[in-house]
Amino acid sequence: MELTDHRNEEDGPLLFGRVLDGRGGGRPIGWNEAKAWNPAGPGELLWLHLCRTHDEAEPWLENALGLPEPVAEMLTDDGNRPRAYRDGDQLVAVLRGINFNPGAEPEDMISMQLWSDGTRLVTLRREPLQTPRDVLAAIDSGTGPADAGALVTELVEQIIARMNKSIVDMNMVIDDLEDADIDDERDEILERTSAIRRNCLALKRHMGPQHGALEAIAKARLPWFEEHDRREIAETIERLRRYLDDIDVSMESAVVLQDELRARALASSDKTNYLLTLVASIFLPLGFLTGLLGINVGGMPGTDDADAFWIVVYACGGLLVVQVLLFMLWRWWSQRR
């Protein structure tokens, strides 16, 4: 499904905003109202989902939220690895999700930055990301998270759960390749297993640090992060650990397939070289004999004998028979089977 974001210029970096009512629902809020928002009652939470490449995003983080410049830069930068830490009563995190946009590969992961103080929660991204949209749909239907801790937990769960599709797809491809005829589809299998290994390595490169980021969230002990939220984060961490194990299995299966392909190719090459060696061994003495008799110098025997040609032919045939019998005696024919 193609993801697109439609916003008016007057909304600035805002992709969407909701004021959660503490009961699973929420109301939309525009950019101008969001900039001046204050909670009207207990349990209200402002969630803003921003495009971090907008010129207004970083200055707003620094001026309106009072974030230090390094934190604001981290929340709007493209090159950050997954990480999370507590800053007072605030949570700062960088997470990555699978890129399901058209033309993207699984390893082209999308980062989502997150900041919250328990009353406001700001998420930022560059490319369209489905996870916030799914959580938004739950809020609009009245079945979404009720507070900041539950919202963070839901976002994390959705990001990790979406990894399962890519991992299952890779495992299905590997199963199909293992059942395929290796001899007939060698080039295609080698190409696809190489792609799977690249995907696995890319996922591991991002998901390893993400595991540490989720553990940091669970251990942060933020006052607005309740015990059941920490338990759900712990379950998500365990799920991510299983996914990492599945990625390892997929990568090892791809390596086994590639090793089998290389072993078969090497065996085939060795067999061909061995057969060529046998042929050369047979014709080398024959070639030497005929070459010696073919020199154009005086004194060559048999030049005046009409039967000399057939004598040479019979001698070559007899030599060939002797060589073959010797090869059979030495079992050279069966050494490379």
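## A pair of strands

Arg18 sits opposite Trp47 in E3. Helix H4, residues 130–140, packs on the sheet, where it touches E1, E2, E3 and strand E6 (110–116). The direction of H4 makes about 35° with that of E1. Strands E1 (residues 14–20) and E3 (residues 45–51) pair in the antiparallel sense, over 6 bridges. Please keep in mind that this is a predicted model.

## The sheet as a whole

Stepping back, 7 strands make up an open sheet with mixed pairing, and their order is E2-E1-E3-E7-E6-E5-E4. At its edges are strand E2 (26–28) and strand E4 (83–87), each of which pairs on one side only. From one strand to the next, the twist averages 15°.

## Helix H9 and its two faces

Helix H9 runs over residues 308–329, 22 residues in total. From its first C-alpha to its last it reaches 31 Å, close to the 32 Å expected at 1.5 Å a residue.

Which residues of H9 are buried? They are Ala308, Cys316, Gln323 and Phe327. These residues lie on the same side of H9, because they cover an arc of only 90° around the axis. The face turned away from that buried side carries the exposed residues Ile311, Tyr314, Leu325, Met328 and Leu329. After H9 comes Arg331, with a positive phi near 60°.

## The whole protein

Overall, the protein has 9 helices and 7 strands. Of its 337 residues, 40% count as buried. The protein exposes about 18,100 Å², and carbon and sulfur atoms supply 52% of that area.

Terms used
Residues are numbered from 1 along each chain as its sequence is written. This is a predicted model: local features need pLDDT of at least 70, side-chain atom pairs count only at pLDDT 80 or more; totals for chains, interfaces and linings use all residues. Side-chain values use heavy atoms; hydrogens and water are left out. Helices (H or I, at least four residues) and strands (E, at least two) are DSSP runs, numbered from the N terminus. Buried means under 20% relative accessible area, exposed over 50%, partly exposed in between (1.4 Å probe, protein chains only). Accessible areas come from the Shrake-Rupley method with a 1.4 Å probe; for residues, only the protein chains shown count as cover. The expected span of a helix is 1.5 Å times one less than its number of residues. The arc is that of the directions from the helix axis to the C-beta atoms. Two strands pair if DSSP finds at least two bridges between them. Axes are lines fitted to C-alpha atoms, for helices over the stretch in contact, and angles run from 0 to 180 degrees between N-to-C directions. Contact means heavy atoms within 4.5 Å.
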